[in-house]
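Hello,

The structure you asked to see is below. My notes follow it.

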Amino acid sequence: MVQLDSGAVAEGRITRVTDFGAFIQFENGETGLVHISQLAHSFVRNIHDHVREGDTVEVKVLGRDERGRLDLSIKELLEEPEEVPRPRAIGRQSPQFEAKLRSFMRDAKERTTAGGGKKPAAGGKRKK
């Protein structure tokens with residue numbers, strides 16, 4: 001049986017999957033958490049794309065938190081890619097929207113600079 005100390009590598013079974021991570025149970029009955037950020041080197045949008053309840057996985061023990069719970073990682077055992085993929089960027093707005101926005105900004109600028117001469121100071125008198 002593997003001692004579950006920091007740095008140890010052990011095999012366990014996923015007993016529960018949540019939005020924030022997967023709970024792993026080991027032969028000795030202990031349970032630990034693989035946080036969603038420790039599943040893969042790339043951004044994990046949906047944890048169910050990576051693990052399922054009942055899967056057997058190999059994990060690395062990162063340590064224990066202040067309450068003695070195991071902090072685990074699957075990512076630490078994976079080969080790191082040369083360049084970590086970034087989450088897909090949100091695309092630009094439609095060209096029609098961009099054109100309307102430019103037109104609005106141009107018109108707003110013209111309205112604020114055109115016909116403006118100097119405005120009287122607050123409380124000041126106008127010349128006749």
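Phe97, Leu101, Phe104 and Met105 form a nonpolar patch on the surface, with about 400 Å² of accessible area together. Patches are made of residues with over 30% relative accessible area and no salt bridge; like charges are joined within 9 Å, nonpolar side chains (Val, Leu, Ile, Met, Phe, Trp, Tyr) within 5 Å. A salt bridge is a side-chain nitrogen of Lys or Arg within 4 Å of a carboxyl oxygen of Asp or Glu. Areas are Shrake-Rupley values with a 1.4 Å probe, and for residues only the protein chains shown count as cover.

This is a predicted model: local features need pLDDT of at least 70, side-chain atom pairs count only at pLDDT 80 or more, and totals for chains, interfaces and linings use all residues. Residues are numbered from 1 along each chain as its sequence is written, and side-chain values use heavy atoms, without hydrogens and water.

Phe97 sits in helix α1 (residues 95-113); helices (H or I, at least four residues) and strands (E, at least two) are DSSP runs, numbered from the N terminus.

Strand β3 (residues 31-35) pairs with β2 (residues 21-25) in the antiparallel sense over five bridges, where pairing takes at least two DSSP bridges. In this pair, Phe23 is opposite Leu33. Five residues separate β2 and β3 in their hairpin, and Gly29 in the turn has a positive phi of about 95 degrees. With β5 (residues 70-73), β3 pairs in the parallel sense over three bridges, and Gly32 stands opposite Leu70.

Regards

How values were computed:
Buried < 20%, exposed > 50% of the residue type's maximum accessible area, 1.4 Å probe, protein only.
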